[in-house]
Amino acid sequence: MPSSKTSPSDSAPALHPQIEAAGRGEIPPWARVSRGRREHMERVARLLGKWARSLKLPPEQAVRWRAAGILHDALKNERPEVLRRTLVPELDRLPDALLHGPAAARRLEEEGVDDEDFLRAVAFHTLGHPELCGLGRALVVADYIEPGRRDRKKWKKSRRSRMPQEFPVVLRDVVRARIQGTLGRDRTLHPETVGLWNVLAEESPWEPGTAGARKMALR
Ligand SMILES: [Fe+2]
Ligand SMILES: [Fe+2]
């Protein structure tokens, strides 16, 4: 018999066990990652956890934020032909390097995760997406500026020092830098990326300081 002491009035919805576990730093058994990639995932999770704490997000949100850091690259080192087989047709058009996000989201969905915002955050962490929630937006930033990244070290360090209190502005800086990088290499700009940029351009200017950062984090 379930104990009558368990509180049915908890307002926060229960988190999926795989999100709870990843929130504790556990890599799922189905992950395919090198040691270096695993360390990157842990650094991204640490950054997200730190930002969630300083923005005073509710505890279950902090778990989701850390879990997204751990799970976003969980299939990064799986072979593209394997990932491609798991994807829905409209995502199958993506180049090899972009498959691991949608494939990880698909795998989480198969495991029973039905948190749509979380799944979208994982699926579109590389491309960006106009409908990313606060967590998805924070993941885009953390993935790009985590301290293990070797390129543009000074630029990234200065953006880390402004997070999370200037979250909206740093996010725009990161999305712009990624788009400029894509253009500089004459690569394809995906509509999801442009869509995120346009949403940010329309939302700006943001309320300054922590109030604006928290609002974006909880959107
Ligand atoms: Fe990734
Ligand atoms: Fe990553």
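This is a predicted model: local features need pLDDT of at least 70, side-chain atom pairs count only at pLDDT 80 or more; totals for chains, interfaces and linings use all residues.
1. Read along the sequence, the chain follows the pattern α-α-α-α-α-α-α-α-α-α-α.

2. Overall dimensions. The chain has 219 residues and a radius of gyration of 17 Å, which agrees with the value near 17 Å for a compact globule of that length. Along the principal axes, the C-alpha atoms fill a box of roughly 65 × 45 × 30 Å.

3. Burial and contacts. Of the 219 residues, 38% count as buried. Take the contacts with a sequence separation of 6 or more: 64% of them join residues 24 or more positions apart.

4. The core. The largest nonpolar core has 57 residues. Helix α7 (residues 134-145) gives the most to this core, with eight residues. Which residues have the most contacts inside the core? They are Leu48, Ala68, Leu71, Val122, Ala138 and Val141.

5. Leu48. This residue is worth a look in the viewer. Leaving out residues up to four places away in sequence, Leu48 touches Trp65, Arg66, Ala68, Gly69, Ala138, Leu139 and Ala142. Ala68 and Ala138 from that list are also among the residues with the most contacts inside the core.

6. Packing of α3 on α6. Helix α3 (residues 59-71) and helix α6 (residues 116-123) have axes that come within 10 Å. They cross at roughly 35°, and the crossing is right-handed. On the α3 side, the contact uses Arg64, Ala68 and Leu71; on the α6 side, Phe118, Ala121 and Val122. By class, this contact has five nonpolar residues, one charged residue and no polar ones.

7. Cis peptide bonds. Two places deserve a check. The peptide bond from Met163 to Pro164 is cis, with omega near 0°. Pro164 lies in the loop between α8 (153-161) and α9 (167-184). Ser204 and Pro205 are also joined by a cis peptide bond, with omega about 0°. Pro205 sits in the loop between α10 (191-203) and α11 (209-217).

8. Positive phi at Arg152. This residue is not a glycine, yet its phi is positive, near 45°. Arg152 is found in the loop between α7 and α8. Buried or exposed? Arg152 is partly exposed, because 14 other C-beta atoms lie within 10 Å, and a residue counts as exposed at 12 or fewer and as buried at 20 or more.

9. Positive phi at Asp186. Asp186 is another residue other than glycine with a positive phi, here about 55°. Asp186 lies in the loop between α9 and α10. Asp186 has 6 C-beta neighbours inside 10 Å, so it counts as exposed.

10. Arg46 and Arg162. Arg46 belongs to helix α2 (residues 35-54). With 16 C-beta neighbours inside 10 Å, Arg46 counts as partly exposed. Arg46 and Arg162 are 116 residues apart along the chain, and their C-alpha atoms are separated by 16 Å.

Notes: Residues are numbered from 1 along each chain as its sequence is written. Chains are lettered from A and ligands numbered from 1 in the order in which they are written. Axes are lines fitted to C-alpha atoms, for helices over the stretch in contact, and angles run from 0 to 180 degrees between N-to-C directions. Helices (H or I, at least four residues) and strands (E, at least two) are DSSP runs, numbered from the N terminus. A crossing is left-handed if the near helix is turned anticlockwise from the far one by less than a right angle, and right-handed if clockwise. Two residues are in contact if their C-beta atoms, placed from the backbone, lie within 7 Å. Ala, Val, Leu, Ile, Met, Phe, Trp, Tyr, Cys and Pro count as nonpolar, Asp, Glu, Lys and Arg as charged, and the others, Gly among them, as polar. A nonpolar core is a set of buried Ala, Val, Leu, Ile, Met, Phe, Trp, Tyr and Cys residues joined through C-beta atoms within 7 Å. The radius of gyration is taken over C-alpha atoms; the globule rule is 2.2 Å times the number of residues to the power 0.38.
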